[in-house]
Amino acid sequence: MKRIFSGVKPTGHLTLGNYIGAVRKWVEEDQHRADALFCVVDLHALTVDHDPARLRRLSRQAASLLLAAGLDPERCVLFVQSHVDEHARLSYLLECTATDGEMRRMVQYKEKAARERERGGSVRLSLLTYPVLMAADILAYGTDEVPVGDDQTQHVELTRDLAVRFNQRYGHTFTVPRATHPAVGARVMNLQDPSVKMGKSDDTGPGIVYLLDEPDTVRRKVMRAVTDSGRDVVYDREGRPGLANLLDVLAVSTGAGDPAELAAGYSSYGALKRDVADAVVELLRPVRERHAELVADPAYVDGVLRAGAERARALARPVVDRAYRAVGLVPAA
Ligand code: AQP
């Protein structure tokens, strides 16, 4: 059976982008067809300025939302990254495999470092090395597939390069994984600025639909989405990105398939936006309702995470021990 690994960073509240680009596929496909692990990657949230109490809250909330969205602890392993030491252990060996030039070429690093500098802050070293820790997350489990949104493709490519290089230097140790993406919606764009992805750590609130937004808030955000000055409804990702984004969201939310075909059914932006708003509200409703139940039962969520960490540790330890031996480190007696 294939091994799948993916994760979500608790840097903000989960968004519609996270759901459509990643989580929904984990729930509906991945956990049923593979030996799947899903992780709240909390160590990655330390790469930018953060508030400890908020991080704790967001990590718990992310785990509850993944369960609310339909991850089933009987079918997959759900855990928190910092509960499994093997991630950090392996990350160091991979830092000794990667080069600094390789890290500085990462697009997300360049964008986020520029953002930090614009805010007058300093760039944490971990922001540069974050893709190495992500490679460790993936390689520690002998992962075959990494289901992610488009924005993570370059990091998964780096993970592949590091696995191949390590294997060539020290003998076969790691499975070389590949990224998988949903057919539509691999990159949901910000509703106020369709040139950037809907990212949970961005500050442009009205352009981001959060999974826990009330229906009225969802409707308001969708109705105010930036489109363009045209009048006809056509699907053109390059020329009409705002409109294309709404059509993508409608296609995945309703399961209607081809966004270009959907466009043909509309003659006004207003009608399209109303249908998008209705579809997103209905898509998120069961997640919000189940999340409210889980908030009332924190012991259940903690129990799932405890059991998940135990299972994850048992899978990762032999792989990471093998890597330690392969590079020539003396095993502890
Ligand atoms: N807008 C998106 N469209 C499609 N997929 C997306 N993902 C994220 N945003 C979109 C996918 O969701 C998974 C978890 O994402 P993450 O937690 O690693 O990153 P994020 O939501 O992008 O979080 P941040 O903190 O807001 O990160 P940045 O600052 O990078 O934008 C991933 O599979 C991701 O591809």
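Which residues does the domain assignment give to domain 1, and which to domain 2? In this predicted model, domain 1 takes in 3-181 + 298-326, while domain 2 covers 205-292.

Now let's look at where the domains meet. Domain 1 brings 10 residues to the contact and domain 2 brings 11 residues. On the side of domain 1 that touches domain 2, helices H1 and H2 (52-69) each supply at least two residues. H2 gives the most to that side, with 4 residues.

Helix H1 deserves a visit of its own. H1 runs over residues 16-33, which makes 18 residues. At 1.5 Å a residue, H1 should span 26 Å, and its end C-alpha atoms are 24 Å apart, so the two values agree. Follow the helix along and you will find a bend of about 55° at Trp26. Is H1 enclosed or open to the outside? Of its 18 residues, 14 are buried, so H1 is largely enclosed by the rest of the structure.

In the model, residues 10-18 are 33% helix and 0% strand. The end C-alpha atoms of the stretch are 11 Å apart.

Definitions and conventions:
Residues are numbered from 1 along each chain as its sequence is written. This is a predicted model: local features need pLDDT of at least 70, side-chain atom pairs count only at pLDDT 80 or more; totals for chains, interfaces and linings use all residues. The expected span of a helix is 1.5 Å times one less than its number of residues. The bend at a residue is the angle between axes fitted to the seven residues ending there and the seven starting there. A residue is buried if 20 or more other C-beta atoms lie within 10 Å of its own, exposed if 12 or fewer, and partly exposed in between; C-beta atoms are placed from the backbone. Domain bounds come from an automatic or database domain assignment. Two residues are in contact if their C-beta atoms, placed from the backbone, lie within 7 Å.
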